[in-house]
Amino acid sequence: MSFLSPTTSSIFGGSGNEDGTSATGHGGMLVNESCLDFLMMELVDAMCRTAIDEDTDREVIFYKLEMLGYRVGQSLVERFTVDRPRFTDTLDVVKFICKDLWVIMFKKQVDNLKTNHRGVYVLQDNNFRWFMRMSTDIGGTDSSSKATPYLWFPCGVIRGALANLGVSSVVMAETSNLPQCTFQIKIAKS
Amino acid sequence: MSIDINCIAVIGKQNNPLYIKNYSSSHPDLKYHYIAHTAIDVIEERVLNNPKLTDAYLGLLYAMEDLAVYGFMTNTRVKIILVIAVTDNVVKDADIKAIFTKVHSAYVSHVCNPFHNLDQDFVASKRFSNAVDHIGQQNSRATIDV
């Protein structure tokens, strides 16, 4: 994850002045990209470690990571849609996720966006940034199953971003072949 | 700036009041609650009828007696309502927009606070209310000086 530009760095409003004129723009702090990488690793690992039994508590771990992401996603869009014109429809919102949000989080855009025009969107990223340095000895299904917990946080981020823009959805992610992964967004019928 | 701010109201996406503050002494608080409530209808109508209207700033919503009500809606459906006293001075859109932008950025900073609970009904943050009150008082004082 890389919040490198000064405007993006104060996403948690950390560097505001006491009178409330918070630093959105100038005076923001920079965060080292590696720190965020380590934080992400530790976040998932800590959740798995503190679970009593990793297999039965999978749901709990998923829920916790997803809710963390949800909160982050909501804050992210609040900050990054400030200067944008209003979105006209759901596709517009999903495009914002694929282009702008992905660039903010992963410094690249989603490689492929598919939709069935009935509320299902599939986002495919061929070089998912958080998987770039991941591999296992066995490879194949082993590495993809080990990498799956690392997708739950970004799932939550997407769901949170969509929710705050007025689109309630269910987001699932899967990976079959390591640096590649897909996110499936199912928009809830309103 | 010669804008006399009487009230600033922030309304959440479910049309729940997040913050409302009266900066005038001419009307009771209830009056502004009523005005903000009416403004939601006007905003909804305006946004529904003009799908092409993508600017957050919605302009003058309506004028009532000696008060003019301006509206602003963010991408996340948070509405900001500004009530100003109608005077003989010309009110520039750019000035109103600047006030909205200030309130909006205060709100964004508030929401990005990790200790803030998004499901909370009313904004109780001291920093947020200080920031908004600063905007409100600064502008209502300016007219007294003039």
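1. Helices (H or I, at least four residues) and strands (E, at least two) are DSSP runs, numbered from the N terminus. This is a predicted model, in which local features need pLDDT of at least 70, side-chain atom pairs count only at pLDDT 80 or more, and totals for chains, interfaces and linings use all residues. Residues are numbered from 1 along each chain as its sequence is written, chains are lettered from A and ligands numbered from 1 in the order in which they are written, and side-chain values use heavy atoms, with hydrogens and water left out.

2. The length of helix H2 (residues 93-111) of chain B agrees with expectation, because 19 residues at 1.5 Å a residue should span 27 Å and the end C-alpha atoms are 27 Å apart. The expected span is 1.5 Å times one less than the number of residues.

3. Chain A contains six helices and four strands, arranged from the N terminus as α-α-α-α-β-β-α-α-β-β. Of its 190 residues, 48% count as buried.

4. The four strands of chain A form an open sheet in the order E1-E2-E4-E3, with antiparallel pairing; two strands pair if DSSP finds at least two bridges between them. Strand E1 (112-115) and strand E3 (169-174) of chain A are the edge strands, each pairing on one side only. On average, neighbouring strands of this sheet are turned by 15° against each other, direction ignored.

5. Within the sheet, strand E2 (residues 120-125) and strand E4 (residues 181-187) of chain A run antiparallel and are joined by six bridges. A:Tyr121 stands opposite A:Ile185 in E4(A).

6. Helix H4 (residues 90-106) of chain A packs on the sheet and touches E1, E2 and E4 of chain A, where contact means heavy atoms within 4.5 Å. Helix H6 (residues 149-164) of chain A lies across E3 and E4 of chain A, at about 155° to E3(A).

7. How do H2(A) and H6(A) cross? The axes of helix H2 (residues 33-50) of chain A and H6(A) come within 9 Å and cross at roughly 110°. Therefore H2(A) is roughly perpendicular to H6(A), a term for angles of 65 to 115 degrees. Axes are lines fitted to C-alpha atoms, for helices over the stretch in contact, and angles run from 0 to 180 degrees between N-to-C directions. A:Met40, A:Met41, A:Leu43 and A:Val44 in H2(A) meet A:Pro149, A:Tyr150 and A:Phe153 in H6(A).

Notes. Buried < 20%, exposed > 50% of the residue type's maximum accessible area, 1.4 Å probe, protein only. Parallel < 35°, antiparallel > 145°, perpendicular 65-115°, else oblique.
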